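Good morning, and thank you for coming.

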Amino acid sequence: MINRKNALHALLSLAILLLFALVASAPYLSGRFPLTADGVLHYYRAAALDYSLSYEALWPRYTTALVFGYGSPVFNYYAPTAAYPQVAFYRLGLPFPTAYNWGFVFYSFIAALGMYLWAKTWSSAIGGLIAAAGYVFAPYLLYDALWRGTISEYGALALLPWLMWAFHHLIAHGQRRYLILAPLLFVAFAPMHNITTLYGTGVLGLYSWLLIAFAPQRRAALLRAALGLGFGLALSAFFWWPALAETGFVRINEITAELPFIDVVANLQPLAQSLELPRTADPSQLQFPVPITLSWLQIGLGLLALWFALRARDRRLQALVIGGLSLVVAMLFMTTEASAFVWRAISLLRYSQFPWRWLGTASLILALLSGIAVAQLSERLSAPRWRYTLLSATTAATMLYALPWTYVVMIDAPPLHDVTDIYAFEAQSGQVAAASYGEYQPLWNAELPDPQAIRARYDGTPAIPRLLNVDGVTIERETWGARRADLRLSLDAPQTLVFEWLFFPGWYAALDGQPLTVYPIEPYGFVAVDVPAGEHDLQLWLGQTETQSRATALSIVAALMLAVLAVLWPRLPLQTTPAPARAALSPRLGYTILVTVVAVFALKALWLDNAQTPIKRERFTDGVAGAVDLPLSVNFNQQLRLLGADMAQGTFAPADELRLTLYWQLQGAPLDENLLTILSLRNAQGAEVLRTEPSVPGGLDTSHWLPGYYVADARRLTLPSDIPPATYTLLVEVYNPVTGQSLDVLDMAGYPQGVRALVGQVVVDGNSALSLADIQGEALPPFVLGEVDGLPAAAQVGDELRLSLQWGITEATAIDYSARLLWLDGETPIASTPPLPLVTGYPTSQWRAGDVWRGHARWYVPAILEEGAYTVALQLMVGDAPQSEPLPLAMMDVTTPPRIDTPPAPQQPIGAVWENGIVLVGYDSLQEGDALQLTLYWRTDAALSQSLRRFVHVLGENGGVLAVVDGVPVDWTRPTTGWTTDEYVVDTITLPSPQQAYTLLVGWYAPDMGVRISVEDGDALPLR
């Protein structure tokens, strides 16, 4: 008969453990979906498992719920084990998103209960509860569940303490129930998560060795351990044997080789990152850089356990604590760059991808040691109030330390009405087979098939005809299943029949009862068979490969042998005394922990969630000003807004690293485009001295940004080694890689102001990091001209030339030199550019002998050039006087656009003149349906030295902007720097025609900084 008192104590312990799980997984109880790195993949994998359980197999190795319905062997390598509880919740009636979320709550409770049972074997119920809290609130487990959403790894870590507990009892005590339970738990654990299985089995082996070493009968203990692990491996062989042996059938090896960022060695990190303290959470930031770390509280308690163990006489406890801490140190070492040689030497480990996965098993050990430490300390406290204080403080500290990891971004659950939503996700995300990099695509699948074909034919069942249309084939009878076909065919001639399943070993066929070869056919790797002419019965089905059959047979034989051994176990001399009884949980101590958990959760819900504290603080709650170094609020074409930037202030030297962080936000609705950002550093003349490659802001595609959240984009720019002393302007632009254009920067009224926004000023001073010995070039005394970059072989008049010229000086000079470009026909100069300083903002009279500096000049191909081939040369100048012979640089083929020299006769003559000499002769307008065609007639009274943008704004009756068109005239082909004074430029623009009275504004602006060119009394000319 069950002792009522013990039952109540057990219920109290279970209530505490359940509360631990509910608080740790609270975001999953909100009714929404945490925004995680991998959660959506596991979400759709769980949905694929549910589909497979209904139509394919109880343990599907290959499922047609993936790869757009064409089939994937993903579950042959990445077992669906972790998703079974989620599917079970769904089958019990919960909506699928809710069922998925409750899977994490379930595993959190399993982790707490397993750690409680295991830690109790080494301490007491109190130690078990503290260890359980330490485990479910371990930073790594919270990161795994709430930030990565990796249900498979989280489930494996949840089962790992159960495995340790069961093997502990099997090895130390040998009861029959543990002979059965230990291998069965290993079977549940092994297919959960391959990498955690590898690490966890290693830890289990070391733990078993420790138990054997201190067992009274070592041989019996060794035999029990061998039986437990041997049966566990044999029973789970149905999964791990094919997963290892058939790796060559999918692309996992080549994907790992092609993507260095998932290589484990590339992801090794400094030790400080694995021991980082909690960061103040900011749930308003997408991609918040949550630390992947161990808890210093757990580390401290682990060291306290070491102190107690060294003072105790229990050698087994000493070995456990010393060995456990040694393992934690070894696991930390494996995350550091110093361990690279180990990863390279053991090829199997390299599938880990991320070395910080070791922190999961390290958290397991530290949680056990923390429970031992608190239990030991509690026993040494004589006064009950000190015990209550200890338990309450430890529980509260454990939870509060972990709370920053529980503040995550919540989103609506991904759509899931039927299997076609999985296909749609794969097509939209590119994560085929619900895998990040397509690593589980069959090797024969060289090209992805049409993602819409199966989806369009889906009618709610898997009985979809998959035989591609073939002339001369008549189907007289057909029965289709998810992974099989039974056909009666009539063929006019021999044919290769192709079926819309992706080939994988295990497909079989029979023609008129005789085996038929099945093979993959290019380019998709579809299943194909060769069938002769005539009438035939054709059966096609997916079975097991030879390896899978052998592995399954081994598991079945092992199950039978385990059953026989369990029956015979009482007769074998392998059992010892039962485990000693542990004191039940004191109700008062249990209630103390229970009240503490409730109090901490109430504190979080009622205050911390709504306040700005060191645990959780939202950066822009009180606005941008004061939250960043440089408040900006720049509107990029109503799509992105640059809120501001943090940038190091002070003076930089050549070759220094400039660090800054840009803060971005969606300006409006979510985007379909993935925009990129470009940073550039410009001198006083506007020439670029540094330009970054387009990059994804914050490392998160803009199509995944959410309204109301911000993205922090941390950037590092290394200044050129030969950048001259000056004050530079740091600019940012947003680039659309699809259109090839940068987004306009809009002012408060919505008018374009160029494509670059000012971030801040960068002051550079100090000596060049290069010397004359570092360059080679042409002598132009007292200078040496080194590299010249940016000079094209062909250009049109007016094209911009952005040249980078490296200068060295052999001796100091008091003269300020400049340089110009000349276009030579033979040796005759035909045209030249205005002279520019060798280095903008740093005159040559300030250079020292031996200095090496890089100048950046912006010149334009002169508009007066005729079409032809020219020699482009460089000449030193002082003022307007040449100081050297022209130095030929390269040949250039110059083209000219069609020019109009006949004065036009516009419908609306105007004759307005801009301050730089541009004249609007007049314009024509033509209404065509919903479009307004506007033709502007331009000329110039003076040569233009700057490439300007023309804009046309359509304003409504209330002055609001209805439409905007701007750009280089004549569809970006006639820059103003290519205009001559004796031609007319005809610029036709198409605008949407407003359904109300409107006014047209026409003007010009310099695109770099958006400065408008004045006309008459304003900065734009009204047309009507």
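Predicted model: local features only at pLDDT ≥ 70, side-chain atom pairs only at ≥ 80, totals over all residues.

**Rings, bridges, strands and a surface patch**

Arg316 lies over the face of Trp122, at 4.4 Å from the ring centre. A charge is taken to sit over a ring if NZ of Lys or CZ of Arg is within 6 Å of the ring centre and within 35 degrees of the ring normal. Tyr407 also carries a charge over its ring, namely the charged end of Lys604, 4.8 Å from the centre.

Residues are numbered from 1 along each chain as its sequence is written, and side-chain values use heavy atoms, with hydrogens and water left out.

How many aromatic pairs does a search of the whole structure find? The search finds 56. Rings of Phe, Tyr and Trp (its six-membered ring) pair if their centres lie within 6.5 Å; planes under 30 degrees apart count as stacked, over 60 as edge-to-face and the rest as tilted. Tyr100 and Phe104 make an edge-to-face pair, with 5.5 Å from centre to centre and 70° between the planes. Both residues belong to helix 5 (residues 96-120), where they are four residues apart, about one turn of the helix. Helices (H or I, at least four residues) and strands (E, at least two) are DSSP runs, numbered from the N terminus.

Trp147 and Phe288 provide another pair: their ring centres are 6.1 Å apart and their planes stand at 40°, so the pair is tilted. Trp147 lies in helix 7 (residues 139-148), and Phe288 in the loop between strand 2 (285-286) and helix 15 (296-311), so the pair ties together parts that are 141 residues apart in sequence. Both Trp147 and Phe288 are buried. Returning to Tyr100 and Phe104, they are members of one aromatic cluster, which also includes Tyr28, Phe33, Tyr43 and Phe425.

Next, the salt bridges. The whole structure holds 33 of them, a salt bridge being a side-chain nitrogen of Lys or Arg within 4 Å of a carboxyl oxygen of Asp or Glu. Asp941 and Arg939 form one, with their closest N and O atoms 2.3 Å apart. Asp941 counts as partly exposed because its relative accessibility is 45%, and Arg939 is partly exposed too, with a relative accessible area of 26%. Asp1019 and Arg1012 form a further bridge, at 3.5 Å from N to O.

I now come to the strands, where two strands pair if DSSP finds at least two bridges between them. An open sheet of six strands runs in the order 2-18-15-13-12-21, with mixed pairing. Strand 2 and strand 21 (745-746) stand at its edges with a single partner strand each, so one side of each has no neighbour in the sheet. Within this order, strand 13 (residues 640-647) and strand 15 (residues 657-666) pair in the antiparallel sense over seven bridges. Gly644 stands opposite Tyr663 in strand 15. Glu657 forms a salt bridge with Arg659, their closest N and O atoms being 2.9 Å apart.

Strand 34 (residues 908-913) and strand 35 (residues 918-928) are also antiparallel, over four bridges. Val913 has Val919 in strand 35 as its bridge partner. Four residues lie between the strands of this hairpin, and Gly917 takes a positive phi near 105°.

Finally, the surface. Leu198, Leu233, Trp240, Trp241, Leu244, Ile346, Leu348, Tyr351 and Leu554 form a nonpolar patch with about 740 Å² of accessible area together. Patches are made of residues with over 30% relative accessible area and no salt bridge: like charges are joined within 9 Å, nonpolar side chains (Val, Leu, Ile, Met, Phe, Trp, Tyr) within 5 Å. Accessible areas come from the Shrake-Rupley method with a 1.4 Å probe, and for residues only the protein chains shown count as cover. Helix 12 (residues 237-245) gives the largest share of the patch, three residues. Leu348 lies in the loop between helix 17 (340-345) and helix 18 (358-379), and counts as partly exposed at 41% relative accessibility.

Definitions and conventions:
Buried < 20%, exposed > 50% of the residue type's maximum accessible area, 1.4 Å probe, protein only.
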